[in-house]
Amino acid sequence: MTPPATAGSSDVHPGTLGAALDTARGALDRLDAEVLTAHAVGCSRGTLYAFPERPVSAKQARRLTGLVRRRQRGEPLAYIVGWREFWSLTLRVDARVLVPRPETECLVEAALTRVADHATVLDLGTGSGAIALAVAASRPHARVVGVDRDAGCIRVARENAARLGLTAAFRHSDWFSAFRRNERFDVVVANPPYVPDADPHLMGDGLRFEPRDALVAGADGLAALRRIVPAAPKHLVRGGWLCVEHGHDQQAPVRELFLAHGFEDVETMPDLAGSPRVTCGRMPHTHSAMPYRETRLPP
């Protein structure tokens with residue numbers, strides 16, 4: 001957590017990089033201070049320590065003061081600097097999209113073990129395109145489609161794909177709503193909202209700045225998963241996989257959902273902290289399914 005703002009405590013004055021960094025570190029965690037100082041003056045974090053005597057102008061000092069105050073108010077660091085590292089990809093992010101979390105890389109890992117080189121993959125609720133682009137980067141011959149019901153998210157995802165030179169298609173869809181029944185995939189992956197709407201953490205550092213509908217899913221946090229899991233079999237090939245991220249205390253009800261809708265080999269995997277975080281299930285090979293038929297997407 002960042003410390004509360006104190007009047008004048010975050011004011012940065014013209015001087016040197018070392019002095020500017022010291023002021024920022026007096027108001028923020030070390031990493032936040034380093035990232036924001038480097039961002040404000042247009043240098044690398046390494047430069048902060050290699051050249052502490054480098055001058056900082058009045059304009060740069062004012063800019064850093066503003067950035068520090070935004071972080072003190074709890075705004076996510078990723079929104080302030082405009083990017084976030086995910087799966088070794090630098091993604092552009094802003095307030096239209098959820099900030100990609102490290103635990104979601106566990107979802108990517110789980111999906112990739114089930115994605116063959118030429119598989120078809122659907123990423124539900126793609127946001128910044130983080131999951132879809134991580135899969136595309138790791139499986140360049142796979143056909144990856146990301147969907148989101150928010151047009152702003154689709155624009156961010158497409159911009160990230162173009163900037164990174166990765167091949168993935170993005171389309172507007174409320175979960176599976178834009179897909180015909182015969183449009184089926186080898187793997188469907190989703191990091192849906194799963195926070196209960198009364199969770200007190202929603203007003204904590206960072207979360208209150210992020211899009212609420214990308215975080216909250218009803219009284220128990222399972223509303224989105226109750227839509228995704230029952231609908232997924234209609235859009236999976238025989239033996240296809242559904243992989244979802246969920247809350248650390250939602251393993252049991254999510255598993256029950258999977259089993260109730262015909263999934264086999266249901267498995268839950270932990271995140272880096274050891275908490276149950278990702279559940280995957282496979283449709284039976286006897287599942288009656290038409291092969292996936294690609295739909296040409298608008299540019």
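Quick housekeeping: residues are numbered from 1 along each chain as its sequence is written, and side-chain values use heavy atoms, with hydrogens and water left out. Since the model is predicted, local features need pLDDT of at least 70 and side-chain atom pairs count only at pLDDT 80 or more, while totals for chains, interfaces and linings use all residues.

Okay, salt bridges. By that I mean a side-chain nitrogen of Lys or Arg within 4 Å of a carboxyl oxygen of Asp or Glu. How many does a search of the whole structure find? It finds 15.

Let's start with E34 and R30, whose closest N and O atoms are 2.9 Å apart. Both sit in helix α2, four residues apart, which is about one turn of the helix. (Helices here are DSSP runs of H or I, at least four residues, and strands are runs of E, at least two, numbered from the N terminus.) E34 is buried, at 5% relative accessible area, whereas R30 is partly exposed at 49%. Buried means under 20%, exposed over 50%, and partly exposed in between, using a 1.4 Å probe and protein chains only. R30 and E34 also join R45 in a network of salt bridges.

D29 counts as partly exposed because its relative accessibility is 38%.

Next, R101 and E210, with 2.7 Å between the closest N and O atoms. This pair links distant parts of the chain, 109 residues apart: R101 is in the loop between β4 (89-92) and α6, E210 in the loop between β8 (185-190) and α9 (223-231). Are these two buried or exposed? Both R101 and E210 are buried.

One more bridge: D265 to R282, 2.6 Å from N to O. D265 lies in strand β10 and R282 in strand β11, so the bridge ties together parts 17 residues apart in sequence. D265 is partly exposed, at 46%, and R282 is buried, at 12%.

Last stop, the helices α6 (residues 104-112) and α7 (residues 130-138). Their axes are 10 Å apart and the packing angle is about 45°. Axes are lines fitted to C-alpha atoms, for helices over the stretch in contact, and angles run from 0 to 180 degrees between N-to-C directions. On the contact side, meaning heavy atoms within 4.5 Å, T104, L107, V108 and L112 of α6 meet I131, A134, V135 and S138 of α7.
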